[in-house]
Amino acid sequence: MKIGVIGLGRMGGNIVRRLMGAGHSCVVYDANPKAGQALTGDGAVAAASLSELVTALGESERTVWVMLPSGKITEDTIGQLAGMMKAGDTIIDGGNTMFKDDVRRARELKPKGIHYLDVGTSGGVWGLQRGYCLMIGGDSETVSRLDPIFSALAPGPGTIERTEHRDKLDARAERGYIHAGPAGAGHFVKMIHNGIEYGMMQAFAEGFDIMKNRASDKLPADERFDLNLADIAEVWRRGSVVTSWLLDLTASALAKDGKLEAFSGSVEDSGEGRWTIEAAIEEAVPADVLAASLFVRFRSRQQHTFAEKVLSAMRLGFGGHVEAPKK
């Protein structure tokens, strides 16, 4: 299939590479021309403008994947595309957009006959090698028509053991992607995913901080332990019930630098954690852990502990998120 991709940053460029590796054709555009030119050697066609990208996709059933930061830049880009595309075309937002914006956009584009899909995309900077876990919102017909795109981006079943009793359930989930529901559902599920991520990261961070501080001279001498955190993270990776990719990233960071001195511990939040808490408030659902983990990130920008350094190390590992420079 032929698809346009707008936004060639940490994830967008690798999405293009993975699609082309599976035999799809890509027309690409980025505000930085060098980003597009860098992909021409892999077979992509680099457009000099949005209009040039749309034209290069042909005349019918054109599909454009927008992979930009949430907010004004995504809103403006989709607005411009809506003015260039026609009935039967599809716009996909693969960034971390607030799900309510997806509901609105789909409603606004429907009278024009333009399909709108929201795709929660997880995989970070490792997506090219590992594939992307995809949570898709939109109408079933369009999702089915674009299945070759989603299938190419998804990780596939890999070596993960099958879950029992799934024989009558959607096989796409076992391959790493789902049609979550109508417009907005994809980003809603991804939003909750990221909210949970905050809580899991915080639990690891606090646990390693407690272990680090067991050597404190404020404790009785015979109750002090100078623990090797890198070894603990490594052994937990092998057979323990807390095994996870987040633990893998923590083990890697600690093996490289046991004190995580390269990190200040100032931890940003990219929006999804806040939106998850807002959704919990709307639904009157208690979310004690997720709310606390979000507020810790706020506090980390004022004072830092070893726990926040662990958080920063994980964020760099999975998403390439570099700490904001000190003000």
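Predicted model: local features only at pLDDT ≥ 70, side-chain atom pairs only at ≥ 80, totals over all residues.

Trainee: How many bridges join strand S7 to S8?

Mentor: Strand S7 covers residues 133–137. S7 and S8 run parallel, and Leu134 facing Tyr177 belongs to this part of the picture. The number of bridges joining S7 to S8 is four.

Trainee: Which strands stand at the edges of the sheet?

Mentor: Start with the order, S3-S2-S1-S4-S5-S6-S7-S8, in an open sheet of eight strands with mixed pairing. A strand at the edge has a single partner strand, so one side of it is left without a neighbour in the sheet. That holds for 45–46 and 177–181, in other words strands S3 and S8.

Trainee: And the helices: at what angle does helix H5 run to S6?

Mentor: Helix H5, residues 99–109, packs on the sheet. It touches strand S5 (90–93) as well as S6. Comparing the direction of H5 with that of S6 gives about 155°.

Trainee: Then which strand does helix H1 run at about 165° to?

Mentor: H1 takes in residues 12–21 and lies across S1 (2–6), S2 (25–29), S4 (63–66) and S6. The angle of about 165° is given for one of these, strand S2.

Trainee: Back to S6, then. Is Ser122 buried or exposed?

Mentor: Ser122 lies in S6, which spans residues 115–122. Its relative accessible area is 18%, and the cut-off for that class is under 20%. So Ser122 counts as buried.

Trainee: Which residue's side chain does the side chain of Ser122 make a polar contact with?

Mentor: Leaving out residues up to four places away in sequence, Ser122 touches Gly131, Tyr132, Cys133, Met135, Lys190 and His193. The polar contact, at 3.5 Å, is with the side chain of one of these, His193.

Trainee: Now the rings. Why is the pair of Trp65 and Phe150 called tilted?

Mentor: The count of aromatic pairs comes to four. For Trp65 and Phe150, the ring centres are 6.4 Å apart. Planes under 30 degrees apart would be stacked and over 60 edge-to-face, so the pair is tilted because its planes stand at 55°.

Trainee: How many residues apart in sequence are the parts that this pair ties together?

Mentor: Both Trp65 and Phe150 are buried. Trp65 lies in strand S4, while Phe150 is in helix H8 (residues 147–153). The pair therefore ties together parts whose separation in sequence is 85 residues.

Key
Residues numbered from 1 in each chain as written. Heavy atoms only, no water. Helix = DSSP H or I, 4+ residues; strand = E, 2+ residues; numbered from the N terminus. Buried < 20%, exposed > 50% of the residue type's maximum accessible area, 1.4 Å probe, protein only. Polar contact = N/O pair within 3.5 Å; in protein donor to acceptor, adjacent residues only side chain to side chain. Contact = heavy atoms within 4.5 Å. Pairing = 2+ DSSP bridges. Axes fitted to C-alpha atoms, helices over the stretch in contact; angles between N-to-C directions. Phe/Tyr/Trp six-rings, centres within 6.5 Å; stacked < 30°, edge-to-face > 60°.
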